[in-house]
Amino acid sequence: MADIKDPKNTIVMETTQGKVWIELFPDLAPNHVERIKELTRTGFYDGCTFFDVNNEYVQTGDPNGMGRGGGSGWNLNDEFSERNHIRGTCSMVNRATPNSADSQFFICVTGASYLDRKNTIWGQVIDGMKNIDKLKKGVRMKDPDKVISMKIVEDPVVTPGRNQDEDIDPETKLIKQQTMDASTSVLTNNNPIPIDILKNL
(Lines give C-alpha, C1' and ligand atoms only; values in the text may rest on other atoms or scores of the structure.)
Protein backbone atom coordinates (compact mmCIF):
# COMPACT_ATOMS: atom_id res chain seq x y z
CA MET A 1 0.00 0.00 0.00
CA ALA A 2 1.14 3.54 -0.69
CA ASP A 3 2.82 5.45 2.14
CA ILE A 4 0.25 8.20 2.75
CA LYS A 5 1.74 11.22 4.52
CA ASP A 6 -1.21 13.60 4.15
CA PRO A 7 -4.63 12.11 3.27
CA LYS A 8 -6.11 15.51 2.40
CA ASN A 9 -3.38 15.99 -0.19
CA THR A 10 -3.30 12.51 -1.68
CA ILE A 11 -5.34 11.36 -4.68
CA VAL A 12 -6.31 7.83 -5.63
CA MET A 13 -6.77 7.62 -9.38
CA GLU A 14 -8.36 4.37 -10.51
CA THR A 15 -7.65 3.57 -14.14
CA THR A 16 -8.67 0.71 -16.40
CA GLN A 17 -5.23 -0.75 -15.66
CA GLY A 18 -5.31 -0.32 -11.88
CA LYS A 19 -4.91 2.28 -9.13
CA VAL A 20 -2.41 5.11 -9.03
CA TRP A 21 -1.67 7.05 -5.84
CA ILE A 22 -0.59 10.69 -6.21
CA GLU A 23 0.89 12.95 -3.53
CA LEU A 24 -0.04 16.61 -4.06
CA PHE A 25 2.34 19.54 -3.56
CA PRO A 26 0.32 22.48 -2.18
CA ASP A 27 3.52 24.15 -1.02
CA LEU A 28 4.92 24.23 -4.57
CA ALA A 29 1.79 24.94 -6.60
CA PRO A 30 -1.11 25.91 -4.30
CA ASN A 31 -3.43 27.18 -7.04
CA HIS A 32 -2.87 24.17 -9.29
CA VAL A 33 -3.39 21.76 -6.41
CA GLU A 34 -6.60 23.55 -5.47
CA ARG A 35 -7.80 23.27 -9.08
CA ILE A 36 -6.98 19.55 -9.25
CA LYS A 37 -8.76 18.93 -5.94
CA GLU A 38 -11.78 20.96 -7.01
CA LEU A 39 -12.14 19.12 -10.31
CA THR A 40 -11.55 15.79 -8.58
CA ARG A 41 -14.33 16.46 -6.08
CA THR A 42 -16.82 17.31 -8.82
CA GLY A 43 -16.02 14.08 -10.71
CA PHE A 44 -14.63 16.05 -13.64
CA TYR A 45 -11.87 13.54 -14.37
CA ASP A 46 -14.03 10.44 -14.03
CA GLY A 47 -14.26 8.86 -17.47
CA CYS A 48 -11.56 11.00 -19.08
CA THR A 49 -9.38 9.04 -21.50
CA PHE A 50 -5.63 8.76 -21.69
CA PHE A 51 -5.61 10.22 -25.18
CA ASP A 52 -1.83 10.55 -25.58
CA VAL A 53 0.33 7.74 -24.23
CA ASN A 54 3.98 7.35 -25.24
CA ASN A 55 7.35 6.40 -23.79
CA GLU A 56 7.82 9.82 -22.16
CA TYR A 57 4.43 10.69 -20.66
CA VAL A 58 0.71 9.88 -20.49
CA GLN A 59 -1.83 12.67 -20.86
CA THR A 60 -5.44 13.06 -19.74
CA GLY A 61 -7.88 15.67 -18.44
CA ASP A 62 -9.81 16.59 -21.58
CA PRO A 63 -13.45 15.41 -21.36
CA ASN A 64 -13.59 15.37 -25.17
CA GLY A 65 -10.60 13.04 -25.35
CA MET A 66 -8.93 15.10 -28.06
CA GLY A 67 -6.32 17.07 -26.13
CA ARG A 68 -7.40 20.35 -27.65
CA GLY A 69 -8.88 22.12 -24.70
CA GLY A 70 -9.84 22.14 -21.06
CA GLY A 71 -13.12 22.03 -19.33
CA SER A 72 -12.97 24.15 -16.21
CA GLY A 73 -13.53 27.41 -18.03
CA TRP A 74 -10.58 29.46 -16.83
CA ASN A 75 -6.79 29.33 -16.87
CA LEU A 76 -4.23 29.25 -14.09
CA ASN A 77 -1.14 31.37 -13.65
CA ASP A 78 2.08 29.36 -13.90
CA GLU A 79 3.58 28.20 -10.59
CA PHE A 80 7.03 26.97 -11.59
CA SER A 81 9.36 25.54 -8.95
CA GLU A 82 12.84 24.08 -8.65
CA ARG A 83 11.44 20.55 -8.65
CA ASN A 84 12.33 18.57 -11.76
CA HIS A 85 10.25 16.40 -14.05
CA ILE A 86 11.21 12.82 -13.17
CA ARG A 87 9.45 9.47 -13.55
CA GLY A 88 6.06 9.77 -11.87
CA THR A 89 5.91 13.57 -11.90
CA CYS A 90 2.40 15.00 -12.37
CA SER A 91 2.45 18.27 -14.27
CA MET A 92 0.00 20.60 -15.97
CA VAL A 93 -0.38 20.97 -19.73
CA ASN A 94 0.23 24.47 -21.06
CA ARG A 95 -0.82 26.01 -24.33
CA ALA A 96 1.59 28.00 -26.48
CA THR A 97 1.20 31.00 -24.18
CA PRO A 98 2.11 31.54 -20.50
CA ASN A 99 -0.50 31.07 -17.77
CA SER A 100 -2.63 28.80 -19.95
CA ALA A 101 -3.08 25.63 -17.84
CA ASP A 102 -6.65 24.47 -17.39
CA SER A 103 -7.64 20.87 -16.63
CA GLN A 104 -5.29 18.73 -18.70
CA PHE A 105 -2.29 17.13 -17.05
CA PHE A 106 0.35 14.53 -17.77
CA ILE A 107 2.35 11.97 -15.80
CA CYS A 108 5.99 11.47 -16.75
CA VAL A 109 6.94 7.91 -17.65
CA THR A 110 10.59 8.91 -17.75
CA GLY A 111 12.60 12.01 -16.89
CA ALA A 112 11.80 15.10 -18.97
CA SER A 113 14.21 17.86 -17.95
CA TYR A 114 13.26 19.90 -21.02
CA LEU A 115 9.92 20.61 -19.29
CA ASP A 116 11.46 21.96 -16.09
CA ARG A 117 10.28 25.51 -15.33
CA LYS A 118 8.01 25.31 -18.38
CA ASN A 119 5.16 23.27 -16.94
CA THR A 120 3.80 23.46 -13.40
CA ILE A 121 4.50 20.39 -11.27
CA TRP A 122 1.68 19.73 -8.78
CA GLY A 123 2.20 16.13 -7.65
CA GLN A 124 4.13 12.88 -7.73
CA VAL A 125 3.01 9.28 -8.15
CA ILE A 126 3.95 7.42 -4.96
CA ASP A 127 2.49 4.05 -5.96
CA GLY A 128 1.00 2.48 -9.08
CA MET A 129 3.47 3.52 -11.79
CA LYS A 130 3.36 -0.08 -12.97
CA ASN A 131 -0.25 0.57 -13.94
CA ILE A 132 0.72 3.73 -15.82
CA ASP A 133 3.23 1.62 -17.74
CA LYS A 134 0.41 -0.73 -18.80
CA LEU A 135 -1.69 1.99 -20.50
CA LYS A 136 -2.26 1.45 -24.22
CA LYS A 137 0.15 3.53 -26.26
CA GLY A 138 -1.02 5.84 -29.00
CA VAL A 139 -2.68 9.17 -29.71
CA ARG A 140 -6.48 9.47 -29.67
CA MET A 141 -6.94 5.71 -29.93
CA LYS A 142 -10.29 4.10 -30.74
CA ASP A 143 -10.35 2.17 -27.48
CA PRO A 144 -8.13 4.08 -25.00
CA ASP A 145 -7.61 3.39 -21.33
CA LYS A 146 -9.56 5.68 -19.01
CA VAL A 147 -9.63 7.29 -15.62
CA ILE A 148 -12.43 5.38 -13.92
CA SER A 149 -12.41 7.70 -10.93
CA MET A 150 -10.28 10.16 -8.99
CA LYS A 151 -10.80 10.68 -5.27
CA ILE A 152 -9.04 12.50 -2.44
CA VAL A 153 -8.17 10.01 0.28
CA GLU A 154 -9.54 12.12 3.13
CA ASP A 155 -12.89 12.83 1.49
CA PRO A 156 -15.95 10.70 2.32
CA VAL A 157 -17.41 8.71 -0.54
CA VAL A 158 -21.18 8.35 -0.36
CA THR A 159 -23.59 6.60 -2.71
CA PRO A 160 -27.27 7.35 -1.98
CA GLY A 161 -28.98 4.47 -0.23
CA ARG A 162 -25.76 2.73 0.78
CA ASN A 163 -23.46 2.72 3.75
CA GLN A 164 -20.51 5.05 3.20
CA ASP A 165 -17.93 2.39 4.09
CA GLU A 166 -19.19 0.11 1.32
CA ASP A 167 -17.82 2.53 -1.26
CA ILE A 168 -14.35 2.79 0.21
CA ASP A 169 -11.71 0.33 -0.98
CA PRO A 170 -9.84 -1.55 1.79
CA GLU A 171 -6.67 0.52 1.45
CA THR A 172 -8.46 3.86 1.69
CA LYS A 173 -10.64 2.57 4.52
CA LEU A 174 -7.55 1.61 6.50
CA ILE A 175 -6.11 5.09 6.03
CA LYS A 176 -9.36 6.68 7.18
CA GLN A 177 -9.49 4.43 10.24
CA GLN A 178 -5.90 5.30 11.17
CA THR A 179 -6.76 8.99 10.86
CA MET A 180 -9.79 8.57 13.14
CA ASP A 181 -7.78 6.58 15.68
CA ALA A 182 -5.24 9.38 15.87
CA SER A 183 -7.82 11.76 17.38
CA THR A 184 -9.73 11.31 20.65
CA SER A 185 -13.32 12.48 21.02
CA VAL A 186 -14.65 13.86 24.30
CA LEU A 187 -17.85 11.93 23.63
CA THR A 188 -16.51 8.49 24.54
CA ASN A 189 -17.60 5.95 27.09
CA ASN A 190 -14.63 7.00 29.21
CA ASN A 191 -15.61 10.67 29.09
CA PRO A 192 -19.42 10.85 29.26
CA ILE A 193 -21.11 14.24 29.54
CA PRO A 194 -22.74 14.59 33.00
CA ILE A 195 -26.54 14.37 32.99
CA ASP A 196 -26.99 17.78 34.59
CA ILE A 197 -24.97 19.41 31.83
CA LEU A 198 -27.00 17.64 29.15
CA LYS A 199 -30.24 18.95 30.68
CA ASN A 200 -28.99 22.50 30.30
CA LEU A 201 -28.03 22.12 26.63
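Q: Taking helices (H or I, at least four residues) and strands (E, at least two) as DSSP runs numbered from the N terminus, where is the place of threonine 49?
A: Threonine 49 is in the loop between helix 1 and strand 3 (52–53). This is a predicted model, in which local features need pLDDT of at least 70 and side-chain atom pairs count only at pLDDT 80 or more, while totals for chains, interfaces and linings use all residues. Residues are numbered from 1 along each chain as its sequence is written, and side-chain values use heavy atoms, with hydrogens and water left out.

Q: Is threonine 49 buried or exposed?
A: Threonine 49 counts as buried because its relative accessibility is 14%. Buried means under 20% relative accessible area, exposed over 50%, and partly exposed in between (1.4 Å probe, protein chains only).

Q: What is threonine 49 in contact with, neighbours within four places aside?
A: Gln59, Thr60, Gly61, Gly65, Pro144, Asp145 and Lys146. Contact means heavy atoms within 4.5 Å.

Q: Switching to charges. How many salt bridges turn up in the whole structure?
A: The search finds 5. The criterion is a side-chain nitrogen of Lys or Arg within 4 Å of a carboxyl oxygen of Asp or Glu.

Q: Which residue does aspartate 102 pair with?
A: Arginine 35, with the closest N and O atoms 3.4 Å apart. Aspartate 102 is in the loop between strand 5 (89–92) and strand 6 (105–108), whereas arginine 35 is in helix 1 (residues 30–41), 67 residues away. Both aspartate 102 and arginine 35 are buried.

Q: And what does arginine 41 bridge to?
A: Aspartate 155, at 2.7 Å from N to O. The pair ties together parts 114 residues apart in sequence, because arginine 41 is in helix 1 and aspartate 155 lies in the loop between strand 9 (147–152) and helix 3 (170–181). Aspartate 155 is buried at 17% relative accessibility; arginine 41, at 47%, is partly exposed.

Q: What about the core? How many residues are in the largest nonpolar one?
A: It has 31 residues, and those with the most contacts inside it are Met13, Ile22, Phe105, Ile107, Trp122 and Ile132. A nonpolar core is a set of buried Ala, Val, Leu, Ile, Met, Phe, Trp, Tyr and Cys residues joined through side-chain atoms within 4.5 Å.

Q: Which elements each supply at least two residues of this core?
A: Among them are strand 1 (10–15), strand 2 (18–24), strand 7 (121–127) and helix 2 (129–133).

Q: What does isoleucine 107 touch beyond its neighbours within four places in sequence?
A: Its contacts include Met13, Tyr57, Val58, Cys90, Val125, Met129 and Ile132, along with Glu56 and Gly88.
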